[in-house]
Amino acid sequence: MLPHIGRLMTQNRPDFYLGTDIDGVQINAEQLNVRSRDLNSLIGTVTYTEALYHILRGRMPTTEEKQLFDMVLVAFHGGWGLLPPTTFVPRIVAGTGVSTAQAFAAGILASGPYHVGAIEQAMSFYQSIADAFRAKSVPNANAADLEQFAFDMTSKRLDAGETVGGFGHPLLRRDPRPLHMRRLLCELGANSVYFDIYDGVVRCMQSRKSVPPNVDGITGAILLRLGFASQYGTALFLHARSAAMLAHIVEEQTDMPYQTMRRFMLLPMISPKLFNANIKSIGKRFNRLRDTKFFKSMKNVFGRGQKTISAKEQADLDVINATRTQRANAAIQDDLQHGGPAPVRVDPFVAASNAVPEDATIDAMTPEQHFEDCSSPELMEGAHVLLASCLRSLESDTSDPELTKQRELIESALRLVREATK
């Protein structure tokens, strides 16, 4: 039993260690760790984007990864006034006089599959396409093959009557961010199988449904490229959007308390028919009206900057299509080998500080050496309480060999703790 205990104690953390890998190895009053990096060594030396990536992925980002992560966070941080629920709801709640924290919590809860959550759906779909293509084992596969495969998979999904997350927008005919961000990716020279998949899905949605991507569609591909699994998507969106939430909450509390709610309370009194109208039906009628020649002609007359916007969009498309053409024959086997978001890599500092020789044994080490990394009085006291509690919780039946083995193991650990605290 004793050698087994010693081996447990010299792993990344002992069995009774109350922290986690994210906290680091040590817990004491003199040092705060983030993934076994002294927090003070990070303060003033890294940006918040780098620190955020480090705590989530276990390592510092490369220059390109930092640029891509910054791109995603900035794309999410704005709230667009009172239109999205994540800014409208916290503002309404703040108008009732609650604390900033309560209003902030309301904004977090104002997210779901139809708002914010689509990024997780998009990431899961892109990953399923990558997994299916890898399973096919296409010889000498290139980016064009993967893009066409994504097109076909999306088409099958539409034929089955399913939706595709990350496309369409409840407030905009065309979200201006995806096209701009895709061009930035081209200018950065950032390539990925997930961008190839995204391009194939976009091409299918445009040709089959005339539905453009929204910000969730493009950022989902970028986060997969950065090694994040789909469950990170919604939380990272909300993390970035919290900036807009806080700005709106404070403005509502200071500059115009209760004004937002009062303005919306007037609507059912002034126009009850409009308030109770079928907004979805009205939206469809308005979209048909926007497609008429008369509306387009009026828009050309009064819509300032329309030609400039169209020219910008065309320029973006030209850059994107040129990049796709150049990448069409690029081999993608190495990129596909990872099979998706890369696992969190252990910080090199952790690996170096916790390296254990294969021939290490309890007999060659003193009790003090076993506890040299976790010898604070507080931790020893906590370990004693925890182990004693575990011992009391075990049944006293000695006929069960498994229970007997567990009891002996805990008793050995308790003896080590008592000896270390003498």
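Helices, taken as DSSP runs of at least four residues, and strands, taken as runs of at least two, are numbered from the N terminus. On this basis the secondary structure of the protein, examined here as a predicted model, comes to 22 helices and two strands. Of the 422 residues of the protein, 37% count as buried. Among contacts between residues at least 6 apart in sequence, 72% join residues at least 24 apart.

Because 10 of its 11 residues are buried, α11 is largely enclosed by the rest of the structure. The buried residues are V215, D216, G217, I218, T219, G220, A221, I222, L223 and L224. The cover over these residues includes α4, α7, α9, α10 and α12. When residues up to four places away in sequence are not counted, L223 touches F69, V72, I119, M123, F228, G233 and L236.

One of the helices covering α11 is α4. The axes of α4 and α11 come within 10 Å and cross at roughly 155°. Angles over 145 degrees count as roughly antiparallel, and α4 is therefore roughly antiparallel to α11. The crossing of this pair is left-handed. On the α4 side, the contact is made by E64, E65, L68, F69, M71, V72, A75 and F76, and on the α11 side by V215, D216, T219, I222, L223 and R225. The residues of this contact divide into nine nonpolar, one polar and four charged. In general, an α-helix has 3.6 residues a turn, so residues three or four places apart point the same way.

From α8, the residues A143, L146, E147, Q148, A150, F151, T154, S155, L158 and D159 take part in the contact. These meet V193, D196, I197, D199, G200, V201, R203, C204, M205, S207, R208 and K209 in α10. By class, the residues of the contact divide into 10 nonpolar, five polar and seven charged.

R177 is found in helix α9. With a relative accessible area of 16%, R177 counts as buried, because the limit for that class is under 20%. Its contacts, leaving aside neighbours within four places in sequence, are with A75, W80, H169 and V215. The C-alpha atoms of R177 and D216 are separated by 9.8 Å, although these residues stand 39 residues apart along the chain.

S230 is placed in the loop between α11 and α12. This serine is likewise buried, with a relative accessible area of 19%. Apart from its neighbours within four places in sequence, S230 is in contact with E120, M123 and S124.

Two further loop residues have a positive phi without being glycine. V116, in the loop between α6 (100–109) and α7, has a phi near 85°. S210, in the loop between α10 and α11, has a phi of about 55°. In accessibility, V116 is buried, with a relative accessible area of 2%, whereas S210 counts as exposed at 58%.

Note on methods:
Residues numbered from 1 in each chain as written. Predicted model: local features only at pLDDT ≥ 70, side-chain atom pairs only at ≥ 80, totals over all residues. Heavy atoms only, no water. Contact = heavy atoms within 4.5 Å. Nonpolar A, V, L, I, M, F, W, Y, C, P; charged D, E, K, R; others polar. Buried < 20%, exposed > 50% of the residue type's maximum accessible area, 1.4 Å probe, protein only. Axes fitted to C-alpha atoms, helices over the stretch in contact; angles between N-to-C directions. Parallel < 35°, antiparallel > 145°, perpendicular 65-115°, else oblique. Left-handed = near helix turned anticlockwise from the far one by under 90°.
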